[in-house]
Amino acid sequence: MSPASKKLFNIIILGVSFMFIFTAFQTCGNIAQTVITNLNNTDFHGSGYTSMSIIYGVFSASNLVSPSVVAIVGPQFSMVVSGIFYSLYIAVFIQPATWAFYTASVFIGIAAAVLWTAQGNCLTVNSDENTIGRNSGVFWALLQSSLFFGNLYIYFAWQGKTHISESDRRTVFIALTVISLVGTVLFFLIRKREDTKAPGEEDSTNEILGDGSSAESKMTRAVAAFKKSIKLSFTKEIMLLSVTTAYTGLELTFFSGVYGTCIGAVNRFGSEEKSLIGLSGIFIGVGEILGGGLFGLLSKNNRFGRNPVVMLGMVVHFIAFYLIFFNMPNDAPIAPMRGTDDVAYMIPSKEVAIFCSFLLGLGDSCFNTQLLSILGFLYSEDSAPAFAIFKFVQSICAAVAYFYSNYFLLQWQLLIMVVVGFFGTITFFTVEWEAAAALAARGSDYSSI
């Protein structure tokens, strides 16, 4: 197998591993608040929104040190240990206890920071400026396939149910825990850096995959990774991209946690309201997969760069927000267990709700594939710190969004995303134009997303 083929193999294994882990975790996140609402007349008194706020809050703080952790233990082992913590969080729902639920939320926040920093490093090490667009698209399409499989099961298993029984809950979460563990084991198939280099190829990248085994060498790399994170945080490009990244954190919260809860709270959807949560997740996944696959395949033939894709993402999301505003009751995100009988500006339509799910997924893939691509392009020498900053900003905004989702009506949540999304698109355009100018100055053909 050639070095290029080995690198593509690594990208595919990376994507498939994340697909299994996030089939479990994203399905868990999508149904968590609905399951918890059915538990809150027992001894369990947790909140799915609060848990997610804790996860993303700890996630954001942990990104400050995650490059150092990955530098010490290596990306492969980092992803394996992180995957175990994801599995433990999901397993908490088999027999929920409030203290275990919130404790696991803290630990998975730490694990998520390490997991995504290692993922960004692995993606960049196995790419170059000609393949980073394709590889970002391939990874994203595989990752977001997770939304399809788990939610497909939820749709059929919960069809016609208005209450989730203890047996239903345990069956779902035992299966999700096993699926997460399968993804964790697959990380062992990723080949190390030295196994993917061509004969005579110099290790020119200043990556954290070095093989120095002494404690002094590892500590030196850890300190260097931390210093790079701080230094990169104040560069013009990172500060501009942080606005775009902030938007992805807000809309991540909305489509992965809030929107499913809204659908499940609308009593006018009848006995299908709970199974529609699964169907919504499926169509979010279809949008994500379509976007990731399409932009990955087109990356080598796109002469206009990343900006048109990001513009498409903004337009698609704004259409979705407009339709959701008209279709969903304003109190849907914070409705009690009995749901809401309110009507917005039209009779709630299941078809419109599911179409909006597809648009949310498609728009999200537009933004995230291009952010992964531009970060891998601009910071090929410093991928771990750059991706850590990306996840720091995204996760702290997601934490803030999960917190205010406990209190804000739907219209205010949509308005916040529209404002931040507009300015995030403008700042991305600015960085992309500068990247195109820099590439032209080097005499390269600007043909990859």
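A residue is called buried when its relative accessible area is under 20%, exposed when it is over 50%, and partly exposed in between, as found with a 1.4 Å probe on protein chains only. The structure is a predicted model, in which local features need pLDDT of at least 70, side-chain atom pairs count only at pLDDT 80 or more, and totals for chains, interfaces and linings use all residues. Residues are numbered from 1 along each chain as its sequence is written, and side-chain values use heavy atoms, with hydrogens and water left out.

Helices are DSSP runs (H or I, at least four residues), numbered from the N terminus. Helix α2 covers residues 48–62 and has 15 residues. From first C-alpha to last it reaches 21 Å, close to the 21 Å expected at 1.5 Å a residue; the expected span is 1.5 Å times one less than the number of residues. Among the buried residues of α2 are Tyr49, Met52, Ile55, Tyr56 and Phe59.

Thr117 lies in helix α5 (residues 98–125) and is buried, with a relative accessible area of 0%. Its side chain makes a polar contact with the side chain of Ser66 at 2.8 Å. A polar contact is a pair of N or O atoms within 3.5 Å; within protein, one must be able to donate a hydrogen and the other to accept it, and residues adjacent in sequence count only if both atoms are side-chain atoms.

**Cavities**

A cavity is a set of points on a 1 Å grid over the protein atoms alone where a 1.4 Å probe fits but cannot get out; lining residues have an atom within 4 Å of a point. The whole structure holds four cavities of 30 Å³ or more. Of the 25 residues that line the largest cavity, the closest to its centre are Phe22, Gln26, Tyr56, Trp116 and Leu252. Helix α1 gives the largest share of this lining, five residues. The second largest cavity has about 70 Å³ of space, and the elements that give two or more residues to its lining are α10 and α14.

**Salt bridges**

A salt bridge is a side-chain nitrogen of Lys or Arg within 4 Å of a carboxyl oxygen of Asp or Glu. The search of the whole structure finds two.

| Salt bridge | N to O distance |
|---|---|
| Glu434 and Lys236 | 2.7 Å |
| Glu432 and Arg306 | 2.7 Å |

Glu434 lies in helix α15 (residues 410–441) and Lys236 in helix α10, so this pair ties together parts 198 residues apart in sequence. Glu432 and Arg306 are both buried, whereas Glu434 is partly exposed, with a relative accessible area of 31%.

Key: On a 1 Å grid over the protein atoms alone, a cavity is a set of points where a 1.4 Å probe fits but cannot get out, and a pocket is an open set with protein on both sides within 12 Å along at least five of seven lines; lining residues have an atom within 4 Å of a point. Grid points are joined across faces, edges and corners, and a volume is the space filled by probe spheres set on the points.
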